[in-house]
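Please look over the sequence and the model before reading on. The paragraphs below go through the structure part by part.

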Amino acid sequence: MTAALRVLEFNAMGYRRVWRGTLFSTFLSPVLFLAAMGVGLGTFVDQGGNGALGPFSYAAFLAPGLLAGQAMQTAGFESTYPIMGAIIWDRTYFGMLATPITVPGIVFGQLGWMAIRMAMVSTAFFIVMVAFGLVASPLGILSIGVGVMTGLAFAAPIMAFAATRKNDQAFSMIFRFGLTPMFLFSGTFFPIERLPARIQLLAEILPLHHGVALARHLCLGDAADRSDQVVHVVVLSAYIVAGTIAALITFRRTLVR
Amino acid sequence: MATSSEPALIHARGLTKRFGAFTAVDAIDFDVAPGESFGFLGPNGAGKTSTVRMIGCVSPVTEGVLTVLGLDPAADSSRIKSRIGVVPQQDTLDMELTVRENLVIYGRYFDLSRREAGRRADELLEFVQLGERAKSQVEPLSGGMKRRLTIARSLINEPSLLLLDEPTTGLDPQARHLLWDRLYRLKQRGVTLVLTTHFMDEAEQLCDRLVVMDKAKIVAVGSPRELIEQYSTREVLELRFPADAAPSDASIFDGVASRVEQLPDRVLLYADDGEAAASVLHDRGLRPETSLVRRSSLEDVFLRLTGRSLIE
């Protein structure tokens with residue numbers, strides 16, 4: 001689909017100007033998180049441990065969850081303000097639609113670009129994890145793909161929502177009441193089995209837990225139960241597909257009158 | 001011209017656009033011939049932009065027939081769009097990109113190779129006199145420069161039809177004249193221009209033929225000259241009176257002009273010979289504060305057809 005590739009190219013052209021700045025922060029963030037929470041807090045947890053994490057250190061348990069969480073944060077940003085900018089502030093999409101670029105071209109091109117951003121962030125995170133010695137299985141490299149899927153599972157529905165907004169007020173709500181609690185209670189820092197049953201159920205319905213669990217199993221190489229992995233992939237895919245369909249609808253509604 | 005045997009480049013019959021219960025364009029008919037400069041004139045909210053957006057295939061037709069370049073916008077929008085250029089009312093420039101990058105990426109949307117897009121970008125930047133700003137960001141450019149960049153961008157696919165929605169609104173006279181000059185050159189190259197405006201001088205400068213729209217309908221069609229002949233007189237005599245000193249009895253104007261319009265502080269007399277009318281009134285003892293004879297303009301036609309009251 002040429003139109004989608006062109007929209008992707010547009011994003012890449014803008015990114016070319018800022019990539020040096022983001023490269024540094026992309027690596028800095030995992031280093032800080034893993035140093036503070038993995039090594040710092042982890043030493044504490046491991047010393048008082050009751051073997052709940054099996055043979056693995058807390059840092060090794062935590063790192064893949066943070067990778068998925070970071071992909072979610074990236075998705076949250078990329079699918080809100082830039083979308084609003086292209087619809088309302090700069091009206092870039094209207095410029096595109098005056099050319100052979102179509103609404104599906106915009107939606108898929110934008111998702112494709114976000115997938116690339118998520119792959120960049122997840123790869124950087126994975127490199128830092130390897131440097132910290134936190135990847136036990138060669139299958140761990142697939143967690144980069146999990147990062148992309150997790151990111152898209154958020155990006156697609158959030159961009160569908162963003163296209164319905166007239167201003168950016170709702171976006172900080174998404175972060176404050178959506179993404180941040182999810183980051184804390186989706187098994188990133190501790191297994192969701194520790195949560196009250198109802199909240200555990202909620203965590204299992206939402207996408208982040210599935211990205212976290214999948215990335216963790218791949219990095220630790222402890223995937224005992226295959227069917228669990230399938231469930232994770234299916235849930236993430238369902239969010240991506242449903243979100244994409246919603247985005248096709250809301251984008252058309254907003255952009256074509 | 002309209003009488004040409006060539007098939008119309010744009011053909012509309014009963015063209016209608018509704019937004020819910022609101023009718024923006026109400027069953028209008030028009031044809032635009034190849035190479036013609038065609039204007040939509042009308043007050044704000046008359047339906048000009050909605051019409052141009054339907055021609056540009058970015059707004060679905062509610063009812064009626066519309067063909068553009070012989071194609072149906074509902075079925076062939078991408079093919080139509082690949083052959084037209086659009087200058088929208090509000091700029092849609094990419095603020096993150098430089099002036100030149102804005103043109104190159106736009107060329108890419110039309111599937112030009114990077115090399116070809118770059119070549120055309122450099123050429124167009126010279127054409128709109130922005131060559132020296134190629135590497136600067138878009139944000140700090142003046143309104144006139146942004147508008148020129150938008151026009152350059154609309155030409156990147158070498159369109160045979162250019163749609164301009166209020167191309168010079170908000171620009172200073174220098175920028176407007178530069179834009180008119182560039183548009184006139186395009187017209188000479190055979191590009192068909194379709195523009196909306198509420199500036200009469202712009203319509204007189206650029207349009208071979210125009211329609212006047214009011215309240216979603218077309219109220220008049222013709223060349224600027226034809227419209228003036230049909231809806232106004234050759235000259236207008238404008239008489240200004242000091243406050244409250246205007247003649248209370250309008251019968252003093254009887255037989256002097258083909259139409260008399262009395263405004264709060266002025267009287268407009270539409271006559272073929274303004275001087276003659278002025279001397280008759282002088283003989284009748286009328287002593288206005290100032291008296292001015294001018295040629296009738298499209299503005300007179302416009303105000304006659306669409307009324308003087310403000311449209312809010």
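The contact between the two chains takes 22 residues from chain B and 20 residues from chain A; two residues are in contact if their C-beta atoms, placed from the backbone, lie within 7 Å. Helix H2 (73-83) and helix H3 (99-109) of chain B are the elements that give two or more residues to the side of chain B that touches chain A. H3(B) gives the largest share of that side, five residues. By kind, the residues on this side of chain B divide into 10 nonpolar, six polar and six charged. Here Ala, Val, Leu, Ile, Met, Phe, Trp, Tyr, Cys and Pro count as nonpolar, Asp, Glu, Lys and Arg as charged, and the others, Gly among them, as polar.

The model is predicted: local features need pLDDT of at least 70, side-chain atom pairs count only at pLDDT 80 or more, and totals for chains, interfaces and linings use all residues. Residues are numbered from 1 along each chain as its sequence is written, while chains are lettered from A and ligands numbered from 1 in the order in which they are written.

Chain B has 10 helices and 13 strands. Helices (H or I, at least four residues) and strands (E, at least two) are DSSP runs, numbered from the N terminus. The C-alpha trace of chain B spans about 75 × 45 × 40 Å along its principal axes. Of the 312 residues in chain B, 42% are buried. A residue is buried if 20 or more other C-beta atoms lie within 10 Å of its own, exposed if 12 or fewer, and partly exposed in between, with C-beta atoms placed from the backbone. Among the contacts in chain B with a separation of 6 or more, 70% are between residues 24 or more positions apart.

Now take a sheet in chain B. Three strands form an open sheet in the order E2-E1-E4 (chain B), with antiparallel pairing; two strands pair if DSSP finds at least two bridges between them. Strand E2 (22-32) and strand E4 (63-68) of chain B stand at the edges with a single partner strand each, so one side of each has no neighbour in the sheet. On average, neighbouring strands of this sheet are turned by 25 degrees against each other, direction ignored. Strands of a sheet pair through backbone hydrogen bonds, either parallel or antiparallel. Strand E1 (residues 10-19) of chain B is joined to E4(B) in the antiparallel sense over five bridges. One residue pair shows this: B:Leu66 in E4(B) is the bridge partner of B:Ala12. Helix H1 (residues 48-55) of chain B packs on the sheet and touches E1, E2 and E4 of chain B. The direction of H1(B) makes about 120 degrees with that of E1(B); axes are lines fitted to C-alpha atoms, for helices over the stretch in contact, and angles run from 0 to 180 degrees between N-to-C directions.

Which residues of helix H4 (residues 114-127) of chain B are buried? They are B:Ala117, B:Arg120, B:Ala121, B:Leu124 and B:Leu125. These residues cover an arc of only 140 degrees around the axis, which puts them on the same side of H4(B); the arc is that of the directions from the helix axis to the C-beta atoms. On the other side of H4(B), B:Arg115 and B:Glu126 are exposed. H3 and helix H5 (143-154) of chain B are included in what covers the buried residues of H4(B). After H4(B) comes B:Gln129, with a positive phi near 55 degrees.

Helix H8 (residues 224-231) of chain B can be read in a similar way. Its buried residues include B:Pro224, B:Leu227, B:Ile228 and B:Tyr231. They cover an arc of only 100 degrees around the axis, and therefore lie on the same side of H8(B). B:Arg225 and B:Gln230, on the other side of H8(B), are exposed. The buried residues of H8(B) pack against helix H7 (200-206), strand E8 (209-214), strand E9 (217-222) and helix H10 (298-306) of chain B.

Strand E13 (residues 290-295) of chain B is hardly covered, as the count of buried residues among its six residues is zero. Six bridges join E13(B) to strand E10 (residues 235-240) of chain B, and the two run antiparallel.

Finally, is A:Gly187 buried or exposed? A:Gly187 counts as buried, with 24 C-beta neighbours inside 10 Å. Its place is in the loop between helix H8 (169-185) and helix H9 (197-205) of chain A.
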